[in-house]
Amino acid sequence: MLDPSLLKDLLAEVRLAPSVHNIQPTRWRLVGGDALLLLEDIARRLPAADPTGHDVRLSHGAAVEGLSLALGRHGLRIAEVEPAADASTSGGLMPVARILIRAGGALDKLADLVASRISWRGGFRAFGPAGEAALDGLAASSTDLLLVRDPPAVGEIARLADEAGFHFLCNDAHRAELLRWMRLSRSDPAYLRDGLSAEAMAMPGVVAFGTRLVLGPLFPPLRRLGLAATLVSERGTFANGAVALFHRPEGEDPLVTGRAFYRAWLAMTAQGLAACPVSVLADRPASNRQLIERHGVPKGRRLVNVFRLGLAAGAPAAVRARLPVAELIV
Ligand SMILES: Cc1cc2nc3c(=O)[nH]c(=O)nc-3n(C[C@H](O)[C@H](O)[C@H](O)COP(=O)(O)O)c2cc1C
C-alpha cells in the first residue's frame with residue numbers, strides 16, 4: 001500500500017501543514033507497507049515559548065491531519081493513530097505515534113485548500129456583505145470556533161493581545177528564541193527552509209532590520225524608556241478583522257487537538273478568509289481566562305488558540321519556507 005515513492009508524494013502536501021514558529025518538528029518512517037512512525041526531531045523544540053511541548057505536539061497533530069488529507073487523494077485513510085508507548089529518544093528522534101494506513105479513503109473537501117492556506121500577518125480590508133457571509137459560513141461549518149465580530153470587542157482582544165505579547169517578550173529567553181527562528185534577511189541560509197521569514201511576517205526590509213535590534217540589544221533600554229511596548233505592538237493588524245476562539249474538549253491529547261486546529265484553519269481558507277493564530281492570548285493564563293469568561297467558551301472546553309481573521313488586504317508572500325521532503329523521512 002505504502003512505498004517510498006508514495007510517501008514522498010504524500011509528504012509534499014503534509015509539509016504544508018502549519019507548525020509553531022515554522023519549526024517543522026515532524027519526521028516520518030515507513031514501517032512495512034501499511035504503517036508510518038511519526039517521530040519528533042527534538043532539536044527543534046521551543047523550550048522558552050513552549051516549555052511543556054504542547055504546541056510542538058499540536059503541530060504534529062496538524063501534520064497527521066495533513067497526512068489524512070493527502071491519503072484521501074490516493075484512496076487511503078488513517079485507520080488508527082497509536083500514541084507511542086515508549087518515547088525514548090534515539091539519534092535525536094523521539095517516537096510520537098504509530099499510524100496505521102488502510103484502503104478506503106475518500107477525497108476530503110478541505111484537501112484542495114492545503115496549498116493556499118497560509119498564516120496571514122498583513123492587514124484586513126472591510127468585510128462588506130460578502131465578508132459577513134463568509135463569517136456566517138465559517139460559524140456554520142465549525143463547532144470548534146467561537147467568532148467575535150463586534151469591532152469594539154475585537155479591539156479589546158487586540159489590546160489584550162498586545163499586553164500578553166509584551167509580557168512574553170519581556171522574557172529574555174523567549175525573545176532570544178524567537179529571534180533564532182526569525183529569518184530577517186534573504187541571506188540567511190535557512191530563509192527558504194524553516195522559521196519565520198521577513199516576507200511571511202509581512203515585514204519590509206527596514207522593519208526586519210529594526211526588529212533584530214528591537215528584540216535584541218535595544219529591548220532593555222527601550223523598555224526602560226517606556227517605548228518597547230509601542231514598538232512591538234501588533235494591535236493595528238486586528239483592524240477590520242474578526243477573531244475566532246478555537247476551543248476543544250478539556251483533557252484532549254494535543255495530537256488530536258492539532259488535527260482539529262488544522263481543519264478549523266482550512267475551513268477559514270475555504271470561506272476566503274485570511275487568518276493568523278495569536279497564541280499569546282491563549283498561552284497567558286490571564287487573557288485565556290478573560291476570553292473564556294467574556295465570550296462564553298462552553299463549559300468543558302479549553303481555549304486552545306485564538307485567530308485573527310478577515311479579508312486579506314494584499315497578496316500572500318510568494319515563498320513558503322519548508323524543509324525538503326527528503327529531510328522529513330528518517
Ligand atoms: C500551534 C501553533 C501556534 C502558532 N502560533 C502563532 C502565533 O502566535 N503567531 C503567528 O504569527 N503564527 C503562529 N503560528 C503559525 C506558524 O508560525 C505558521 O504555521 C508557520 O510559520 C508556517 O507558515 P504557514 O502557516 O504560512 O504555512 C502558529 C502555528 C501553530 C501550529
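**Figure 1. The whole chain, its surface and its fold.** The chain exposes about 14500 Å², and carbon and sulfur atoms supply 57% of that area. Accessible areas come from the Shrake-Rupley method with a 1.4 Å probe; for residues, only the protein chains shown count as cover. This is a predicted model: local features need pLDDT of at least 70, side-chain atom pairs count only at pLDDT 80 or more, and totals for chains, interfaces and linings use all residues. Residues are numbered from 1 along each chain as its sequence is written, and side-chain values use heavy atoms, with hydrogens and water left out. The chain has 12 helices and 11 strands. Its radius of gyration is 20 Å, close to the 20 Å that the globule rule gives for 330 residues, so the chain is as compact as a globular protein of that length. The radius is taken over C-alpha atoms, and the globule rule is 2.2 Å times the number of residues to the power 0.38. Helices (H or I, at least four residues) and strands (E, at least two) are DSSP runs, numbered from the N terminus. Along the principal axes, the C-alpha atoms fill a box of roughly 60 × 45 × 35 Å. Of the 330 residues, 50% count as buried. Buried means under 20% relative accessible area, exposed means over 50%, and partly exposed lies in between (1.4 Å probe, protein chains only). Among contacts with a separation of 6 or more, 78% come from residues 24 or more positions apart. A contact means heavy atoms within 4.5 Å.

**Figure 2. Strand β9 and its two partners.** Strand β9 covers residues 242-249. Seven of its eight residues are buried. Strand β6 (residues 145-148) pairs with β9 in the antiparallel sense, over four bridges. Val148 has Val243 in β9 as its bridge partner. Strand β11 (residues 301-312) also runs antiparallel to β9, joined by eight bridges. Two strands pair if DSSP finds at least two bridges between them. In a regular strand the side chains alternate between the two faces of the sheet.

**Figure 3. Leu39 and its surroundings.** Leu39 sits in strand β2 (residues 35-41). Leu39 is buried, with a relative accessible area of 3%. Leaving out residues up to four places away in sequence, Leu39 touches residues including Trp28, His60, Leu93, Met94 and Val330. Its C-alpha atom is separated by 27 Å from that of Val306, 267 residues apart along the chain.

**Figure 4. His174 in helix α5.** Helix α5 spans residues 172-181 and holds His174. His174 counts as buried, at 12% relative accessibility. Not counting residues up to four places away in sequence, His174 touches Ala48, Ala49, Phe168 and Leu169.

**Figure 5. Salt bridges across the chain.** A search of the whole structure finds 23 salt bridges. Each is a side-chain nitrogen of Lys or Arg within 4 Å of a carboxyl oxygen of Asp or Glu. Glu40 pairs with Arg45, their closest N and O atoms 2.6 Å apart. Glu40 counts as buried at 6% relative accessibility, while Arg45 is partly exposed at 36%. Arg149 forms a salt bridge with Asp136, with closest N and O atoms 2.8 Å apart. Arg149 lies in the loop between β6 and α4 (151-169) and Asp136 in helix α3 (residues 128-141), so the pair ties together parts 13 residues apart in sequence. Asp144 and Arg301 also form a salt bridge, at 2.8 Å between the closest N and O atoms. Asp144 lies in the loop between α3 and β6 and Arg301 in strand β11, so this pair ties together parts 157 residues apart in sequence. Asp144 is buried, with a relative accessible area of 10%. Salt bridges that share partners join Arg27, Asp41, Arg44, Arg183 and Asp194 into one network.

**Figure 6. Two residues with positive phi.** Most residues other than glycine have a negative phi. Phi of His21 is near 55 degrees, a positive value. His21 lies in the loop between α1 (4-14) and β1 (26-31). His21 is buried, with a relative accessible area of 18%. Asn240 also has a positive phi, of about 70 degrees. Asn240 lies in the loop between α8 (228-231) and β9, and counts as partly exposed at 43% relative accessibility.
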